[in-house]
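I opened this model to look at its salt bridges and one of its helices. My notes follow.

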Amino acid sequence: MGFAGRIAGSSLLLGYVSGVLAQDAPSRYNLQQPVTRIASEIYSMHTLMLIICLVIFIAVFGVMFWSVIHHRKSRGAVAANFHENTAVEIAWTVIPVLILLGMAWPATKTVIAMKDTSNPDITIKATGYQWKWGYDYLQGEGEGIRFLSGSSTPRAQISGGEQKGDTYLLEVDNPVVVPVGKKIRVLVTAADVIHSWWMPAFGVKQDAIPGFIRDTWFTADKEGIYRGNCAELCGKDHGFMPIEVHVVSAEKYTEWVASQQAQATTASADDAREWALAELVERGEKVFAANCAACHQADGKGLPPVFPALDGSPVVTGDASGQIELVLKGKAGTAMAAFGGQLSDAELAAVITYTRNAWGNQSGVAVQPADVVAAR
């Protein structure tokens, strides 16, 4: 863990402290084990600051208690007069300045390095939605890939019906995949409210603000699965926005890119063809579970008055054009997001058809991708 870690290891007392605090991940008491240079520097600074604070604490309270014990009244001690003592005033001015400079120097170098997003191998845009992440691969190998990534923790675990897994609320349906050893630039923004893209093992935490694009970067030095979360209080399901990044070899990344491009080709074909009602309902149920059930609930009863019920809703049982318009563009002033930019035409047609034929809404009406295209 760098210079600070070696300092801790060389001291018996501080070695014990570092042994407790720098244990292997997952740790309950320390930062996640770093897998990027920036995260390693942050980890090292964290250890250095902790050691400095600990040394100051021991020095100050040691002198204080020594003075109280050895200069107590029962020993006949007489208080010394330090008033206008030049040496003391210089010491308590210079020493803190030197400590602050010693802390600021490595911190400044790391902050400057964190802002250097130049010359990336791959650029990915991460867009925060309530409550999922959208990823667009904008530059480099994989350019053109785009997908949504939402929590895949089973609702039964959240509601207490099943035992919680090891990755409870830290697992997603579509993880970000990047190659090891490559510089990844991440453009971060949001479509609705402020979110934050936080990956502790990468040393990355960047706010996602609607109307703004901010960037950050990382180069993972080790293959593996790394997990983070939205670090901004973005709504009632703020804790349901996990981030999962798979760092793989260059060969596996190329295979993943090929599979994603094949899926994109299939999706284009899905958008162009006409679906049977049963097909739309089957696919729509999955789309609803991934994107709508958190608010409107799996049984379609919603959480009134904030999230209205879809079962028996006049919007869902009425003219299809009104529901298509609402799903595509959202509703201003409410939590109803605009899904037009998030889901494909086939997915939108499927989820609308599902809601019109689920629960008590047995309309028998199928909304086709062509209907969605016409309404865009």
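I began with K301, which is partly exposed at 44% relative accessibility; the label covers the range between buried (under 20% relative accessible area) and exposed (over 50%), with a 1.4 Å probe and protein chains only. The model is predicted: local features need pLDDT of at least 70, side-chain atom pairs count only at pLDDT 80 or more, and totals for chains, interfaces and linings use all residues. Residues are numbered from 1 along each chain as its sequence is written, and side-chain values use heavy atoms, without hydrogens and water.

I looked up the partner of K301. Its side chain meets that of D311 in a salt bridge at 2.8 Å, N to O (a Lys or Arg side-chain nitrogen within 4 Å of an Asp or Glu carboxyl oxygen). Both residues lie in the loop between α8 (293-296) and α9, so the pair ties together parts ten residues apart in sequence. D311 is partly exposed at 23%.

I then counted salt bridges and got eleven. Another is R185 with D215, at 2.9 Å. R185 sits in strand β5 and D215 in strand β8, 30 residues apart; strands are DSSP runs of E, at least two residues, and helices are runs of H or I, at least four, numbered from the N terminus.

Next I checked helix α10 (residues 320-329). Its buried residues are A320, Q323, I324, V327 and L328. E325 and K329, both in α10, form a salt bridge at 3.1 Å.
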